[in-house]
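Hi everyone, thanks for coming. Let me put the model up and we'll walk through it together.

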Amino acid sequence: MSEKIVKTEEEWRKTLTPEQYQVLREKGTELAGSGEYYLLTDKGVYVCAGCGSELFRSDKKYESGTGWPSFWEVVRNDALETAPDDSDGEMKTEVLCARCGGHLGHVFDDGPEPTGLRYCINSVALGFVPDEECA
Ligand code: FE
């Protein structure tokens, strides 16, 4: 995998929007249903808004009813890192971009088969690269 990206918080503040900074660097959560990718069904790849690393493909995205973009599988196992998170009094598993360390969301074990996983990801932590039309 590609090299890790390490920036100071000052540098992140310059390159991210305030909304992106609040989620990616301060582990914020966007309002449910507010994100631009929640209902997107276009074909393409979702990348980290912090560093551009490819994270999820549209064919592994599904409507979970939660208000956040949800995926049942990651592009590559080494694209993400996880960490225990009990910050709101409930034990959850945080999902971070393995390349830049940005907070993306959480992963739960109530997703669809075949993985049974539900990656619950903030839209604002993502970018979207549509597939090229093939002639
Ligand atoms: Fe990243």
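I'll start with the metal site and then move to the aromatic residues.

Quick housekeeping: this is a predicted model, where local features need pLDDT of at least 70, side-chain atom pairs count only at pLDDT 80 or more, and totals for chains, interfaces and linings use all residues. Residues are numbered from 1 along each chain as its sequence is written, and side-chain values use heavy atoms, with hydrogens and water left out.

So, what holds the iron ion? Cys 48, Cys 51, Cys 97 and Cys 100 coordinate it through their SG atoms, at 2.3 to 2.4 Å. Donors here are N, O and S atoms within 2.8 Å of the metal, or 3.2 Å for Na, K and Ca. The spacing in sequence reads C-x2-C-x45-C-x2-C. Cys 51 sits in the loop between β1 and β2, while Cys 97 is in strand β6, 46 residues apart; strands are DSSP runs of E, at least two residues. Both Cys 51 and Cys 97 are buried, meaning under 20% relative accessible area with a 1.4 Å probe, protein chains only.

Now the rings. They pair if their centres lie within 6.5 Å; planes under 30 degrees apart are stacked, over 60 edge-to-face, and the rest tilted. That gives six aromatic pairs. Tyr 46 and Phe 71 are edge-to-face, 5.2 Å centre to centre with 65° between the planes. Tyr 46 also pairs with Phe 128, and because those planes are at 50°, with centres 4.7 Å apart, that one is tilted. Tyr 46 is at 0% relative accessibility, and Phe 128 is at 18%.

Methods: Helix = DSSP H or I, 4+ residues; strand = E, 2+ residues; numbered from the N terminus. Buried < 20%, exposed > 50% of the residue type's maximum accessible area, 1.4 Å probe, protein only.
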